[in-house]
Amino acid sequence: MDYDIEKIIKNIDFSMRMEDMPLSEEDKNRLRNCLNGKDDILKVLQETIKKHTVVEV
């Protein structure tokens with residue numbers, strides 16, 4: 001299973017690198033935790049969107 005998870009992460013990283021947006025170690029760890037079931041993917045997704053959303057006041 002760990003091999004499959006690392007393979008998924010490598011594939012995602014490869015795709016992101018093609019767009020000049022490589023994954024950080026934090027990104028890879030976040031993916032590992034979601035794929036292992038340690039973190040809820042929807043919660044992580046919401047936190048990521050909130051983190052990168054610019055709110056104008």
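Author: Helices in this predicted model are DSSP runs of H or I that hold at least four residues, and they are numbered from the N terminus. By that definition, lysine 28 lies in helix α2, which covers residues 25-35.

Reader: What makes lysine 28 count as buried?

Author: Buried means under 20% relative accessible area, and lysine 28 has a relative accessibility of 15%, so it counts as buried. Leaving out residues up to four places away in sequence, lysine 28 touches Ile9, Asp13 and Leu23.

Reader: Why is aspartate 13 called buried?

Author: The same cut-off of under 20% applies, and because the relative accessibility of aspartate 13 is 9%, this residue also counts as buried. Aspartate 13 belongs to helix α1, residues 2-18, and, with neighbours within four places in sequence set aside, aspartate 13 is in contact with Pro22, Leu23 and Lys28.

Reader: How do you know whether aspartate 20 is buried or exposed?

Author: A residue is exposed when its relative accessible area is over 50%, and aspartate 20 has 67%, so the word exposed applies to aspartate 20. Aspartate 20 sits in the loop between α1 and α2, and its phi is near 60 degrees, a positive value in a residue other than glycine.

Reader: What makes the protein chain more spread out than a compact globule?

Author: The protein chain has three helices and zero strands, in the order α-α-α along the sequence. Its radius of gyration is 13 Å, whereas the globule rule gives 10 Å for 57 residues, and because the former is well over the latter, the chain is described as more spread out than a compact globule. Along its principal axes, the C-alpha trace spans about 45 × 30 × 15 Å.

Reader: How do you know that the span of helix α3 is close to the expected one, and why is α3 called hardly covered?

Author: Helix α3, residues 41-52, has twelve residues and reaches 17 Å from its first C-alpha to its last, which is close to the 16 Å expected at 1.5 Å a residue. As for cover, buried requires under 20% relative accessible area, and the count of buried residues among the twelve of α3 is one, which is the basis for calling α3 hardly covered.

Definitions and conventions: Residues numbered from 1 in each chain as written. Predicted model: local features only at pLDDT ≥ 70, side-chain atom pairs only at ≥ 80, totals over all residues. Heavy atoms only, no water. Helix = DSSP H or I, 4+ residues; strand = E, 2+ residues; numbered from the N terminus. Buried < 20%, exposed > 50% of the residue type's maximum accessible area, 1.4 Å probe, protein only. Contact = heavy atoms within 4.5 Å. Rg over C-alpha atoms; globule rule 2.2 N^0.38 Å. Expected span 1.5 Å × (residues − 1).
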